Amino acid sequence: MSVQKNIRNFAIIAHIDHGKSTLADRLIQITGGLSTREMQEQVLDNMELERERGITIKAQTVRLDYEASDGQTYQLNLIDTPGHVDFAYEVNRSLAACEGSLLVVDASQGVEAQTLANVYQAIEVDHEIVPVLNKVDLPAADCPRVCGQIEDVIGLDTAGAVNISAKTGLGVDDVLEAIVTQLPAPDGDADAPLKAMLVDSWYDAYLGVVVLVRVIDGTLKKGQKIRMMSTGATHLVDQVGVFRPKRETVSDLGPGEIGYFTAAIKQVADTRVGDTVTEDRAPCADILDGFKPSQPVVFCGLFPTDSSQFEDLREAMAKLRLNDASFDYEMETSAALGFGFRCGFLGLLHLEIIRERIEREFDIDLITTAPSVVYHLHMNDGSMVELHNPADMPDIVKIDHIDEPWIDASILVPDEYLGAVLKLCEDRRGRQKNLSYAGSRAMLEYALPLNEVVFDFYDRLKSATRGYASFDYQLSAYKTGDLVKMSILVNAEPVDALSTIVHRERAEMRGRAMCERLKDLIPRHLFKIPIQAALGGKIIARETIAALRKDVTAKCYGGDVSRKRKLLDKQKEGKKKMRQFGKVDIPQDAFISALKMDD
Amino acid sequence: MPFRTAPMLSLSLWPGVLVAEAPQLGVYIHWPFCAAICPYCDFNVHPVRDMQTADWRVGYFRALEHAQHLRAHGPVETVFFGGGTPSLMPPELIGDLLADIDRRWGLAADAEVSLEANPVSAPQSHLQALRAAGINRLSLGVQAFDAAALKFLGRTHSVAQARTAFEAAGGIFDRVSLDLIYARPGQTLAEWADELARALALAPAHMSLYQLTIEPDTPFFKRHAAGKFIMPDEALAADMYELTQASCAAAGLPAYEVSNHARAGHACRHNMASWRGGDYLGIGPGAHGRVSTGRGRVATRALAKPAAWLESLADGVDGADGMAETRLLGHEDVHAETVLLGLRLVEGVPMSRLEALGVPLDAGRIADLRAAGLLEANPQNLAVTQAGRLLLDRITDAVLAD
Ligand SMILES: Nc1nc2c(ncn2[C@@H]2O[C@H](COP(=O)(O)OP(=O)(O)OP(=O)(O)O)[C@@H](O)[C@H]2O)c(=O)[nH]1
Ligand SMILES: C[S@@+](CC[C@H](N)C(=O)[O-])C[C@H]1O[C@@H](n2cnc3c(N)ncnc32)[C@H](O)[C@@H]1O
Ligand SMILES: [Mg+2]
């Protein structure tokens with residue numbers, strides 16, 4: 001056990017891509033956590049998808065030993081967090097395990113939406129914060145300007161700020177000294193009963209369920225019988241250890257330390273992030289506040305393209321869920337798409353990642369349906385029903401009113417694009433709450449209905465601002481809205497997988513946009529195909545896909561017949577990439593592309 | 001390098017079996033050399049300079065000898081010299097090949113013997129020599145009645161030359177056909193109407209009228225992909241096709257196949273037989289053949305590179321027969337080919353034949369297509385209507401059960 005006063009626990013927080021993981025690399029390298037040979041860029045981003053996309057998805061904890069200039073050795077527990085808004089929850093629980101944060105800001109970009117969102121969270125949990133201005137090697141870096149922003153916008157003193165290049169290593173030694181001198185040591189009583197916070201848990205092929213904890217009081221040791229305070233479940237600890245970043249067992253974890261234990265826990269679902277872990281024999285008196293579990297906010301249907309792969313898909317879902325409790329699924333049947341699953345995600349990036357992992361790691365081709373949010377249906381009989389899938393919308397006469405989730409969004413954007421962003425937000429039923437300035441950048445706060453944002457808002461925002469806007473949001477509240485179910489009829493038959501919930505005022509415009517998109521997405525057939533959008537029995541938009549006029553090979557002699565045959569086979573193969581609906585073949589990707597709008 | 005066929009299918013295992021009611025037999029002879037290679041052409045063609053590098057005769061005679069193992073039963077009803085440019089063949093070779101065919105299978109007294117000719121290699125004297133060698137039907141590659149179009153198509157003859165060749169041929173051969181390529185970049189409907197009228201004014205008994213097709217791996221493909229020229233859109237191409245049907249029918253040359261028109265009794269017998277599923281021996285580099293044997297229908301594909309083909313046949317090591325592939329067609333292949341080729345014909349395919357072969361058809365979709373007027377209503381026959389012909393590829397796909 002280290003001397004408690006020489007422990008420093010800190011999270012690295014920042015906007016996406018501002019260099020958190022790269023800074024973590026340098027800290028690991030300088031303190032000798034890994035040899036040069038073992039080192040690679042963003043070494044903590046070890047998932048294949050993290051490496052490929054160059055982003056952090058899961059927070060990672062590392063213990064480093066650092067010999068400071070005061071001659072003492074310090075135990076540093078570093079948590080590298082993700083920057084993307086979908087994984088804000090990871091930041092939240094990481095912060096709870098620490099006393100301080102390194103706020104990394106890209107000195108060539110300045111303060112962005114997730115900089116604010118994350119630093120406000122850190123302030124809320126009373127963190128000491130060290131501003132770190134990164135990427136000073138870039139010609140566009142402007143430390144004085146960015147320091148000014150940090151002071152003006154966040155209200156943080158930048159006297160202790162460190163200017164670094166995580167890439168070259170310049171200034172990283174100063175970061176280590178700042179950690180030691182500016183951040184506090186953890187409190188905690190070694191003699192009190194064990195009290196530890198469950199920070200994270202995951203499934204490891206060798207170890208089973210691994211639980212990451214921050215010890216508050218007392219000591220966690222092998223052989224102890226621990227108790228999960230929320231459920232009362234008890235387990236015998238069979239291993240205690242830390243990551244440096246390689247896994248290493250230790251004899252115990254004392255107050256202020258972060259590490260893991262294993263205890264023959266069967267599944268990740270048996271552990272609750274934020275739970276209080278204590279000793280069964282001598283439990284602590286009070287329970288930690290914990291945090292509310294992460295809630296899926298975006299739902300969509302995932303269907304195997306090849307319906308015979310349904311069982312494989314079920315297995316894949318179960319396996320992914322083992323390690324990602326924030327992802328939810330339940331079986332769904334669709335007249336158009338057959339058997340599949342309705343899945344809940346933290347956001348669109350999360351959706352995309354899960355989908356990609358299923359396709360890649362389990363080799364299952366998927367059809368994705370339009371993402372939707374969770375509506376609260378207040379029925380006439382006073383009950384409330386959660387609606388995850390527009391296709392499940394009950395008879396309208398039984399519904400008293402419908403509530404939909406709203407978010408508080410903050411958008412930072414250079415002044416010149418403000419007009420475009422305002423228009424986008426207004427088009428999406430937004431209500432402006434505040435507009436202020438940080439230099440030439442506008443900081444915009446908007447209340448927006450999540451269903452207007454969930455699908456393509458971020459893409460539209462990026463294209464409207466040439467990528468110069470940053471965006472962050474938090475769920476705020478459910479509010480009643482004039483919402484209706486819009487059905488899409490292809491060749492006069494409703495296609496359940498294309499139905500959506502829309503605001504009545506937006507219905508006609510959305511309906512028209514969807515019909516137009518489908519007209520482009522569905523190939524022409526031998527007959528003409530009407531495409532209609534309807535509210536109840538009322539048609540609100542209509543397009544017609546003209547019949548194909550010409551598809552014939554001009555010349556075909558003896559030698560050509562084998563080639564023609566191949567062409568025919570290819571046509572048949574191509575048809576397999578479509579879903580037959582009535583007499584119409586609808587391409588797989590139409591179910592999601594139909595929603596894309598070019599406002 | 002000696003070329004071998006897969007031992008399982010080596011030709012010696014395919015003794016010419018006397019098939020009860022063997023289908024009509026034709027011989028397709030491919031001459032792969034051209035004086036100038038057209039930029040749209042994706043046939044197995046090679047520059048004429050390669051023609052001088054070897055004596056190809058031995059290859060052709062050996063190929064016929066091998067083909068006899070596959071099907072011994074004659075007589076040969078049709079011979080088609082295709083290319084490439086078979087009008088570049090020495091007439092003497094043509095005569096010798098026909099004599100050899102006659103010796104092996106017997107050449108029917110009224111056999112149709114066709115040859116594709118380029119107007120450049122068709123001076124009158126040469127045409128007469130071809131006639132003397134046994135050619136009785138000439139298919140002349142006119143391609144366009146427009147100087148600029150000929151240039152675009154990479155043709156080295158003039159309109160006048162083509163006209164002269166056509167007129168000369170008329171006096172020499174029993175039957176003469178001409179090929180045109182339309183729906184070219186920039187061509188208007190009116191221009192095509194005019195050009196077609198000029199063709200019809202020559203009063204041919206047979207015409208092959210092809211819409212220009214951009215084939216992969218051709219110079220046109222690259223140029224088209226690079227945006228160097230723009231093809232007529234679907235609507236214009238469809239209009240042109242419809243106009244072609246109407247004009248030709250009015251002139252007494254209705255379509256009998258997607259792109260082929262003839263006066264009654266003047267359809268190309270060789271091609272007709274192959275669309276109807278008849279047998280044809282494929283002789284020459286890259287030639288394809290289809291032969292019914294006691295074990296089933298066999299597809300042959302000769303080596304495409306002339307030198308490799310010749311070497312294989314001349315060496316004859318281990319029974320090498322110049323083939324890249326000789327394989328027994330599966331039921332699915334036979335079904336697909338029967339429908340694919342049969343539906344190209346205006347006459348269609350008798351249902352009785354499809355039933356005898358056990359072709360799996362999608363009755364539901366066929367009923368829909370009949371109701372939509374894309375297939376002929378006659379339940380005894382599977383045939384596309386004129387409206388359906390424009391959509392033939394899709395219809396073919398639709399009628400075959402998945
Ligand atoms: N020039 C320069 N590039 C840097 C520096 N630090 C990081 N980068 C680059 O910035 C990009 C993002 O770095 P990461 O460390 O992955 O950023 P992150 O904050 O962890 O990103 P997320 O985890 O996705 O939020 C990478 O391409 C890095 O190489 C720096 O000091 N200078
Ligand atoms: C094998 S070619 C023989 C032509 C002959 N060698 C000549 O030069 O006239 C047969 C016919 O197919 C047609 N053809 C070839 N390629 C074509 C293409 N890409 N598009 C349309 N028709 C084509 C031409 O009309 C041509 O005359
Ligand atoms: Mg990262």
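Biologist: Among contacts in chain A between residues at least 6 apart in sequence, what percentage join residues at least 24 apart?
Modeller: Keep in mind that this is a predicted model. Take the contacts in chain A whose partners are at least 6 apart in sequence. The share that joins residues at least 24 apart is 70%.

Biologist: How many helices and strands does chain A have, and what is its radius of gyration?
Modeller: Chain A comes to 14 helices and 33 strands. For its 599 residues the globule rule gives 25 Å, and the value for chain A is close to that, so chain A is as compact as a globular protein of that length. Its radius of gyration is 27 Å.

Biologist: What box do the C-alpha atoms of chain A fill, and what percentage of its residues count as buried?
Modeller: Taken along the principal axes, the box is roughly 85 × 70 × 55 Å. Of the 599 residues of chain A, the buried part is 47%.

Biologist: Where does His18(A) lie, and is His18(A) buried or exposed?
Modeller: His18(A) sits in the loop between strand 1 (7-14) and helix 1 of chain A. A residue needs 20 or more other C-beta atoms within 10 Å to count as buried. His18(A) has 29, so the word for it is buried.

Biologist: Which element gives the largest share of the shell around ligand 1?
Modeller: The shell holds 21 residues, and the closest are Gly19(A), Ser21(A), Ile55(A), Thr56(A) and Gly83(A). By class it divides into 6 nonpolar, 10 polar and 5 charged. The largest share, 3 residues, comes from helix 1 (residues 20-30) of chain A.

Biologist: Which chains surround ligand 2?
Modeller: Around ligand 2 there are 20 residues, and the closest are Tyr40(B), Asn118(B), Gly141(B), Asp179(B) and Tyr210(B). The site is shared between chains, because the residues around ligand 2 come from chains A and B.

Biologist: Which strands of chain B each supply at least two residues of the shell around ligand 2?
Modeller: By class, this shell has 8 nonpolar, 8 polar and 4 charged residues. The strands of chain B that each supply at least two of its residues are strand 4 (76-83), strand 6 (137-143) and strand 7 (175-182).

Biologist: How many residues does each chain bring to the contact between chains A and B?
Modeller: The side of chain A that touches chain B divides into 9 nonpolar, 5 polar and 7 charged residues. The contact takes 21 residues from chain A and 35 residues from chain B.

Biologist: How many helices and strands does chain B have, and what is its radius of gyration?
Modeller: Chain B comes to 15 helices and 16 strands. The globule rule gives 21 Å for its 402 residues, so chain B is as compact as a globular protein of that length. Its radius of gyration is 21 Å.

Biologist: At what angle do helix 13 and helix 15 of chain B pack?
Modeller: Arg365(B), Ile366(B) and Leu369(B) in helix 13 meet Ile395(B), Ala398(B) and Val399(B) in helix 15. These residues divide into 5 nonpolar, no polar and 1 charged. The axes are 8 Å apart, and the angle is about 145°.

Biologist: Is Ala302(B) buried or exposed?
Modeller: Ala302(B) has its place in strand 13 (residues 296-302) of chain B. Its contacts include Gly282(B), Trp309(B) and Met323(B). It has 29 C-beta neighbours inside 10 Å, so Ala302(B) counts as buried.

Methods:
Residues numbered from 1 in each chain as written. Chains lettered and ligands numbered in written order. Predicted model: local features only at pLDDT ≥ 70, side-chain atom pairs only at ≥ 80, totals over all residues. Axes fitted to C-alpha atoms, helices over the stretch in contact; angles between N-to-C directions. Helix = DSSP H or I, 4+ residues; strand = E, 2+ residues; numbered from the N terminus. Contact = placed C-beta atoms within 7 Å. Nonpolar A, V, L, I, M, F, W, Y, C, P; charged D, E, K, R; others polar. Near = placed C-beta within 6 Å. Rg over C-alpha atoms; globule rule 2.2 N^0.38 Å. Buried ≥ 20, exposed ≤ 12 C-beta atoms within 10 Å, placed from the backbone. Lists of a residue's contacts leave out its neighbours within four places in sequence.
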